[in-house]
There are 2 protein chains.
Amino acid sequence: MTDAQTTRRMANAIRALAMDAVEKANSGHPGMPMGMADVATVLFTKILKYDATDPYWIDRDRFILSAGHGSMLLYSLLHLTGSKEMTIEELKNFRQVGSRTPGHPERGHTESVETTTGPLGAGISNAVGMALAERILAAQYPTVFDHRTFALCSDGDLMEGVSQEAIAIAGHYRLSKLVFLYDDNSISIDGDTSLSDSVDQVARFKACGWNAVRVDGHDADAVEAAIKATEGSDKPTLIACKTTIGFGAPKKAGTEKAHGSPLGAEEIEGARKALGWDYPPFEIPDDLRKLWLEAGKRGQAARKEWEKRFDALDDAVRSDLERRLHADLPDEFATAMAEHKAKLLAEPKEIATRKAGEAALTVVKATLPELVSGSADLTPSNNTLTKNMKVITPTDFGGDFMHWGVREHGMAGAVNGLAIHGGIFPVGSTFLVFSDYCRPALRLAALMKIRIVHVFTHDSIGVGEDGPTHQPVEHLAALRAIPNLNVFRPCDAIETTEAWEIAAASKQRPSVFALTRQNLPQARTDASQNLTAKGAYEIAAADGPAEVSLFASGSEVSLALEAKKALDAAGVKTRVVSVPCFELFFDQPGAYRAEVIGTAPVKIAVEAAIRQGWDAIVGSDGGFVGMSSFGESGPYKAVYEKFGVTADAVAALAREMRSTAA
Amino acid sequence: MTDAQTTRRMANAIRALAMDAVEKANSGHPGMPMGMADVATVLFTKILKYDATDPYWIDRDRFILSAGHGSMLLYSLLHLTGSKEMTIEELKNFRQVGSRTPGHPERGHTESVETTTGPLGAGISNAVGMALAERILAAQYPTVFDHRTFALCSDGDLMEGVSQEAIAIAGHYRLSKLVFLYDDNSISIDGDTSLSDSVDQVARFKACGWNAVRVDGHDADAVEAAIKATEGSDKPTLIACKTTIGFGAPKKAGTEKAHGSPLGAEEIEGARKALGWDYPPFEIPDDLRKLWLEAGKRGQAARKEWEKRFDALDDAVRSDLERRLHADLPDEFATAMAEHKAKLLAEPKEIATRKAGEAALTVVKATLPELVSGSADLTPSNNTLTKNMKVITPTDFGGDFMHWGVREHGMAGAVNGLAIHGGIFPVGSTFLVFSDYCRPALRLAALMKIRIVHVFTHDSIGVGEDGPTHQPVEHLAALRAIPNLNVFRPCDAIETTEAWEIAAASKQRPSVFALTRQNLPQARTDASQNLTAKGAYEIAAADGPAEVSLFASGSEVSLALEAKKALDAAGVKTRVVSVPCFELFFDQPGAYRAEVIGTAPVKIAVEAAIRQGWDAIVGSDGGFVGMSSFGESGPYKAVYEKFGVTADAVAALAREMRSTAA
């Protein structure tokens, strides 16, 4: 049997498992696994550096299934190459509750799944981040990091806008160890891609600084040659693999009917015949099983060589790298942050929280070499390029700040990839209003439970003159809606620093910061405890049993404190609760929550944003001073005045509600 | 004086107004208006078909300032060409509360502003929709529509991912009357674009099916020739205009310092000298004023010719077109919808609301020729291609369904453009989870108060096997957070039809539908009144004073009704409130809201999504049956079971709360 024939038979094992699992689940996508089986077989048996017995070896080549709907391709590969968790039973339980084989691959849920994919474009933008991580780490640890990143993507991945951002970033930074294997099957859900697409992808990628070639995706030798030709390239490479979706299925191959539903018994029987596959469902002949298991160990020698290099590292260097890979913090971190807070308390200043964030980030960076910051072309506004950072360039990855360009979604996807790779703590930044562009990636970060931070500045109508297009009003609520995401809106430099402490230590939960453009007084006078970690806390007590409780976040805390002064002066006993993080507050025990919410007859929330979410704290009969519409262009104080978000308005509402309650 | 010298002087009027207004506001972006003044002057004095005395002439050429931060370019042009509203006082009030000159251009707020821009990429995707609208309308009314669409865009516009989606759509559909004037100034906020970008835009556009040329943006003759060369083209055209940002400013020109802040008195004085502009701030010499006003009337003859053609239309055709342009509904609409509802009541079926939506849409389409539907490559899942629609193709615009490709954001931007153009009622569709990709455009639709619909199907964990990447849990809350957006989650075929009635009549508010994948029983037994219009209403009364009120939306209404049965049987008097639209409910008078919320001691909300927002109805002490995390892959009933979103769980919680309350 020729090499090509063996490869085809090994690929047919994938095809059979994919169509059988989808059939058994009565749900799923057989077409892509069957179409890309040859390419994947070449990659996993001849190219990819990995060791199935050590799936998290840090210098493995990465394989990202960006076209996540083809999950059975990945699950079959994991099963065949010997992933311990990916038993044949799991394949039989494809798409069932509790299985390791969900409809789309989920990182953390299934061993060896590098990233959670399905929403198209996500995987390739993660891949860019992972390839970038390798370059950055290789600059820091040249003997330890030297791997490649392969992403399998579909027509749909390349139609999504985020693909352009990802491709442009990879091309600009010349991520030469990144390869996209494009399943060029000319079929989308609606039918032939010619229904909606005329883009020449090879020309497009070349325009963006990539190598790009076309190859027959069913010609194993040609695929192998094309991938091998990318070694030593000075650019990332697109390999457009012309394939037939559902390859082997007699009637449905090459049509959208093979894409997203079971083939059906008759078609599967026909495919078995056409492929010369005589085995019953879920059965793999011993010779193929052996070949696949051997393939799964191909990288063992390389891994052993690598271990020697890793062990040869200077002890301190190695243990710091290990710390980084575990996302642990060094001991100096807590000390440095404590010192910074002490300094803030000693010299309180009226500054914007974006500036306070810059100061805190400078301290964080000083103790965390793994921190990589960046901005989507708002560097001077986001204040995320601190003095102790160095800009990363296409010719020097020995830095820690990325100019992402005006590419919020691509940045967020790559930030996820940086974190997923391991060894890096990534920080992105843009305006809060543009968090909308990042949402698909933020959601996946929350689902994957990874440690990332996005610094979203210009967080309210306080943006001022740029007007309603740039003034977020619904974004805090919309972000708070995402499960497992800490949304911090600190009220001053102390809370901002506390938020950084929490975010850096938050291994399982991503964080976003909403920071002001405008100056704020320092509200906190004590920093002995990280109160932000409670999510909400009383920042100013009433003089006796409170008649009025004011709840506020961020810039409105100082406004609430001002209102308290006026109310206290008028004899209305008022307390103020700062609410820097809803998610953490709702994590607290019920008794603490009840204590913080308190029993004052008048409860008012103050936030220069919409009310949604605040009812959980002040009740549906509580008062609210904030926004109920989009904002307006004007100097920020005039805008606050125009929408009645003022200390006077808070005090007036409190008095009114008190007289009604009385 | 040569023609070129005159053009330069006219352009200098824009430059002077821009730098003076920004200086007076002490805020804004002088660089782009100064850089693109020559190009804009050529366009407005020699190319664009418009009549400043009739700014909303429907067959005018459209000019979209996608780089909305350069708003002073547009405001200056409007002032100079004679827009009545755009007085010199307005220019002096640039970026002030209450002015017509907000920081970024706002459609509806300022006469002749075609669309709201600022968030980069938005304008060019709108432009694609507007150019498409022209083609569709020209196919229907060949003597009435024949105009072009010009969009001025920046480096940032072309870096945003949505640009790729927009460009690919325009290229595929060969929107030959669309021209992008690209301000190729090589400067972004962070500095030189070479910091983050290496894309060859001309090559990229060519790969996407465009003509693309480069030209010196300060050479008026060359610009004019390049634009004129696009006439009669069979493709859209990119004209990359090489310009100097802040052209004329002696020290800041060509640098990021000219981009986003006032130039300062000294630099402005230098610029006046360099440009040979001897006039005080906000003063325009009479000869230039005259030339500009003449330019503003260039299109009058064409408009008068057009009026003849318009008047020559068949009376019925003309009056129907006028109706369409006013977004009014024909009389048949109400009748057809009423008949449809009567049929639904007569033959109740258990169907998914996406299928019910298809049936309703078929009726809507039958009476509204202006309706243009489409899907982002989920046509067979979204059910938005009805039998009475015809697919639009690059060679035949005489249809009413768009295959948008896997381009949710581009679709949403183009849908906005279709609506903005006038004469079309656009409908987009994708999965609810991908509404995240559309958010920046949805927000702008809400801000612009335009009539659009997005049909978002697969609206909960009811998605089932596709798993958490495809199961929306936070999206309802996140969409409800956007001001001025009706989020409909109908519970059955009747509510779905009612939602369509409201959406079609909603001239000032966009609508989105959240529809199920899974079948639902028909809950309503009466359709004499459009109850969805109230936002929430009692769908099943208690037998006597209610002890338990259940509030639910969409698929959970039938689940609440099932729970009511069990509770009633156990002697617990229970009522059920259907809540198809929060936004409309909160619009109701307080007395109605109080009545619907009622006084039952036990209040429980049921929605297979997160709780956020429901406290406003059930109170923070109310019960909730829904989600507090992401979902899981599995058959949908098993997933509902796994997360405890069942009628049994609702009944159990009600009993538990009742015993506590008692």
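S196(B) sits in the loop between strand 5 (191-192) and helix 8 (201-207) of chain B, where helices (H or I, at least four residues) and strands (E, at least two) are DSSP runs numbered from the N terminus. With a relative accessible area of 3%, S196(B) is buried, a class that means under 20% relative accessible area, with exposed meaning over 50% and partly exposed what lies in between (1.4 Å probe, protein chains only). Leaving aside residues up to four places away in sequence, S196(B) touches H172(A), H403(A), W404(A), G405(A), R407(A) and M159(B), contact being defined as heavy atoms within 4.5 Å.

The model is predicted, and local features need pLDDT of at least 70, side-chain atom pairs count only at pLDDT 80 or more, while totals for chains, interfaces and linings use all residues. Residues are numbered from 1 along each chain as its sequence is written, chains are lettered from A and ligands numbered from 1 in the order in which they are written, and side-chain values use heavy atoms, with hydrogens and water left out.

## The interface of chains A and B

The contact draws 94 residues from chain B and 94 residues from chain A, and the two chains bury about 7600 Å² between them, 57% of it on carbon and sulfur atoms; buried area here is the accessible area (1.4 Å probe) that two parts lose on being put together, summed over both. On the side of chain B, the residues that lose the most area to chain A are Y437(B), R443(B) and F630(B), together 9% of what that side buries.

Eight salt bridges are found across this interface by the rule, which asks for a side-chain nitrogen of Lys or Arg within 4 Å of a carboxyl oxygen of Asp or Glu. One of the salt bridges in the structure joins D466(A) to R95(B), with the closest N and O atoms 2.8 Å apart. The rule also finds 50 residue pairs in polar contact across the interface of chain B and chain A (both at pLDDT 80 or more), a polar contact being a pair of N or O atoms within 3.5 Å, for which, within protein, one must be able to donate a hydrogen and the other to accept it, and residues adjacent in sequence count only if both atoms are side-chain atoms. Helix 18 (residues 435-448) of chain B gives the largest share of the side of chain B that touches chain A, eight residues.

## Domains 2 and 3 of chain A

Chain A is assigned domain 1 (4-304), domain 2 (326-514) and domain 3 (533-661), with bounds that come from an automatic or database domain assignment. The C-alpha centres of domain 2 and domain 3 of chain A lie 26 Å apart, and 27 residues of domain 2 are in contact with 32 residues of domain 3. These two domains of chain A bury about 2300 Å² between them, 55% of it on carbon and sulfur atoms; within domain 2, I461(A), V473(A) and R489(A) lose the most area to domain 3, together 28% of what that side buries.

Between domain 2 and domain 3 of chain A the rule finds four salt bridges. R489(A) pairs with E556(A) in a salt bridge (2.8 Å, N to O), and both residues belong to a network of salt bridges that links D459(A), R480(A), R489(A), E556(A) and E607(A).

## Salt bridges within the chains

Over all chains the structure holds 94 salt bridges. In one of them D184(A) pairs with K242(A), the closest N and O atoms being 3.6 Å apart; D184(A) lies in strand 3 (residues 178-184) and K242(A) in strand 7 (residues 237-242) of chain A, so the pair ties together parts that are 58 residues apart in sequence. D184(A) counts as buried at 9% relative accessibility, whereas K242(A) is partly exposed at 40%.

In chain B, R303(B) and D54(B) meet in a salt bridge (3.6 Å, N to O). R303(B) belongs to helix 12 (residues 300-311) and D54(B) to the loop between helix 2 (31-47) and strand 1 (62-65) of chain B, so this pair ties together parts that are 249 residues apart in sequence.

Most residues other than glycine have a negative phi. D377(A), however, has a positive phi near 65°; this residue lies in the loop between strand 9 (371-375) and helix 16 (379-382) of chain A and is buried at 5% relative accessibility. K449(A) also has a positive phi, near 60°, and is partly exposed, with a relative accessible area of 45%.

M402(A), in strand 10 (residues 401-403) of chain A, is buried with a relative accessible area of 0%.
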